[in-house]
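Visitor: I have a structure to go through with you. Can we start with whatever term we need, then take the residues and helices in turn?

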Amino acid sequence: MIIEFTLNGMKVAAQAEADDSLYQMLRSLHIASVKCGCETTNCGLCTVHMDGKAVLSCSVPAPRAAGHEIVTLEGLQEEAKALGGCLADEGAEQCGFCAPGLIMNVLALAKENPSATDAEIDAYLAGNLCRCSGYMSQRRAVRRYLAQVRGEVQA
Amino acid sequence: MKGAVGLGIRKKDAMALTTGKPVYTEDIAPEGCLVVKLMRSPHAHAMIETIDVSRARQLPGVACVLTYQDVPGTRFTLAGQTYPEFSPYDRLILDRHLRCVGDPVAIVAAQTEKQALAAIRLIKVGYQVLEPVLDAETAMDNPVLIHPE
């Protein structure tokens, strides 16, 4: 079937099977930032935005994207650079495989609650697993990024 | 590098990683690459008695199905870094003897992931299920050998 939706601000028509996931459809469109870690909604690697909300693309059936607005890290390069710089400066990216999913979720958090406390950051990012650099450096990076979003510090 | 001690320095690949650039193998696979999937052991310890891949090989899109009968008999190590590596050279690419749940039983290459997975479902394996050895203490002086070779 052909599925028409908006991808990073552009109208696209993608070929997909009824049982394909949104993740599979995005990869077939050469969206390289979206990664698959577990395929069972446990790891957060495949996070994208659907109509502005963070969703796990491994568990959204591709046909459900029809008519909706999907945004991946490719469509948020400015924000990715700002937050990615914070992650890099805190040593929170090692293999980097979880970074795109983490960043998509942090950007959703920044929109919803830019004044998030550590406990709120931890709760919001509980579904983003990382197997190398660890969570303390990520939390420092997110704090630093949110302070930038609030205009308290310069990038 | 002058004056680098004590300074935080960004990793060379940091920004490519954190802006989602194509940097992993799957991201840069050229168009038309085959997809490889492994059939894995459901048993912690078993011997393959029979394995029939004839139906899997006939499935459209399947380019190659390999079993222990198709691989070189040279053992290698999955451990360590550079040569000389002192870990035991105990692996074959595929082995009749399966030593953990998830040990590879067969390798399938196909044009699409779905075809590869469908082919795996068509492989018929007869297992001789053996007694598993689940920790180092039980392994000591145990007549059950995980590596009889």
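Guide: A residue counts as buried when its relative accessible area is under 20%, and as exposed when that is over 50%. Bear in mind that this is a predicted model.

Visitor: Fine. Is Asp95(B) buried or exposed, then?

Guide: Asp95(B) has a relative accessibility of 12%, so Asp95(B) is buried, the cut-off being under 20%.

Visitor: Where does Asp95(B) sit in chain B?

Guide: Asp95(B) lies in the loop that runs between strand S3 (62-66) and strand S4 (97-98) of chain B.

Visitor: What is Asp95(B) in contact with, leaving aside neighbours within four places in sequence?

Guide: With those neighbours set aside, the contacts of Asp95(B) are Ile48(B), Tyr68(B) and Arg75(B).

Visitor: And which side chain makes a polar contact with the side chain of Asp95(B)?

Guide: That of Arg99(B), at 2.9 Å. The Asp95(B) side chain also reaches a backbone atom, the nitrogen of His97(B), at 3.2 Å.

Visitor: What separates the C-alpha atoms of Asp95(B) and Leu117(B)?

Guide: Those C-alpha atoms are 20 Å apart, and the two residues are 22 residues apart along the chain.

Visitor: Change of topic: helix packing. What do you use to describe a pair?

Guide: Two packed helices are described by the angle between their axes and the distance between the axes.

Visitor: Then how do helix H3 and helix H5 of chain A cross?

Guide: The axes of H3 (residues 99-112) and H5 (residues 135-149) in chain A come within 11 Å, with a crossing angle of roughly 40°. That angle makes H3(A) oblique to H5(A). The crossing is right-handed.

Visitor: Which residues make that contact?

Guide: H3(A) contributes Leu102(A), Val106(A), Leu107(A), Leu109(A) and Ala110(A), while H5(A) contributes Gln138(A), Val142(A), Tyr145(A), Leu146(A) and Val149(A). By class, the contact of H3(A) with H5(A) has 9 nonpolar residues, 1 polar and no charged.

Visitor: What about helix H2 of chain A against H5(A)?

Guide: H2(A) covers residues 77-89, and the axes of H2(A) and H5(A) come within 8 Å and cross at roughly 140°. H2(A) is therefore oblique to H5(A). The crossing of H2(A) with H5(A) is right-handed.

Visitor: Which residues meet there?

Guide: From H2(A), Glu79(A), Ala82(A), Leu83(A), Cys86(A), Leu87(A) and Asp89(A) meet Ala141(A), Arg144(A), Tyr145(A) and Gln148(A) of H5(A).

Visitor: How many of the residues in the contact of H2(A) with H5(A) are charged?

Guide: There are 3 charged residues, alongside 6 nonpolar and 1 polar.

Technical notes:
Residues numbered from 1 in each chain as written. Chains lettered and ligands numbered in written order. Predicted model: local features only at pLDDT ≥ 70, side-chain atom pairs only at ≥ 80, totals over all residues. Heavy atoms only, no water. Helix = DSSP H or I, 4+ residues; strand = E, 2+ residues; numbered from the N terminus. Buried < 20%, exposed > 50% of the residue type's maximum accessible area, 1.4 Å probe, protein only. Contact = heavy atoms within 4.5 Å. Polar contact = N/O pair within 3.5 Å; in protein donor to acceptor, adjacent residues only side chain to side chain. Axes fitted to C-alpha atoms, helices over the stretch in contact; angles between N-to-C directions. Parallel < 35°, antiparallel > 145°, perpendicular 65-115°, else oblique. Left-handed = near helix turned anticlockwise from the far one by under 90°. Nonpolar A, V, L, I, M, F, W, Y, C, P; charged D, E, K, R; others polar.
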